[in-house]
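Keep the 3D view open as you read.

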Amino acid sequence: VYQLYRDLLNLRHGDPILKKAAECDLDGAVLGAETLVIRFFGDRNDDRLLVINLGRELHLDPVSDPLLAPFGGKTWAMFWSSEDPRYGGQGAPPLIVDVGWEIPGHAAILLKPGERGESHG
């Protein structure tokens with residue numbers, strides 16, 4: 001638990017987008033009965049996408065919410081996950097798959113823009 005709090009504090013103070021979260025625009029959407037997403041809009045299309053699933057694994061196909069779409073030519077890359085083995089998790093499986101999104105249950109995942117071909121999880 002200590003490592004989790006430490007990492008979250010480091011994210012909050014070290015990431016330029018999360019550091020200014022109180023000042024930046026954000027939007028959210030409900031993806032399922034127990035799943036939501038919050039998008040922090042950064043400068044120069046450097047957004048962060050926080051996906052929180054309080055329930056069971058959720059498969060989204062098709063993915064129709066515009067908040068999940070990265071900006072031109074980019075994709076989403078894993079930035080942080082509550083499923084990290086350092087916190088007792090099983091590791092984060094790929095979130096974006098060929099047939100939609102696979103959102104693990106009982107997890108929080110933070111994404112940042114990445115290049116095509118970069119790891120999604």
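A residue is called buried when its relative accessible area is under 20%, exposed when it is over 50%, and partly exposed in between, using a 1.4 Å probe and protein chains only. What you see is a predicted model, in which local features need pLDDT of at least 70, side-chain atom pairs count only at pLDDT 80 or more, and totals for chains, interfaces and linings use all residues. Residues are numbered from 1 along each chain as its sequence is written, and side-chain values use heavy atoms, with hydrogens and water left out.

Now find Asp 7 and Arg 86, whose side chains form a salt bridge at 3.0 Å, N to O. Asp 7 sits in helix α1 and Arg 86 in the loop between β5 (74–81) and β6 (96–97), so this pair ties together parts that are 79 residues apart in sequence. Helices (H or I, at least four residues) and strands (E, at least two) are DSSP runs, numbered from the N terminus. Asp 7 is buried at 12% relative accessible area, whereas Arg 86 is exposed at 52%. Arg 86 also forms a salt bridge with Asp 84, with 3.3 Å between the closest N and O atoms. Asp 84 is partly exposed, at 23% relative accessible area. Through shared partners, salt bridges join Asp 7, Asp 84 and Arg 86 into one network.

Next, turn to the surface. Val 1, Tyr 5 and Leu 8 make up a nonpolar patch with about 340 Å² of accessible area together. Patch residues have over 30% relative accessible area and no salt bridge, with nonpolar side chains (Val, Leu, Ile, Met, Phe, Trp, Tyr) joined within 5 Å and like charges within 9 Å; the areas come from the Shrake-Rupley method with a 1.4 Å probe, and for residues only the protein chains shown count as cover. Tyr 5 lies in helix α1 and counts as exposed because its relative accessibility is 53%.

Conventions: A salt bridge is a side-chain nitrogen of Lys or Arg within 4 Å of a carboxyl oxygen of Asp or Glu.
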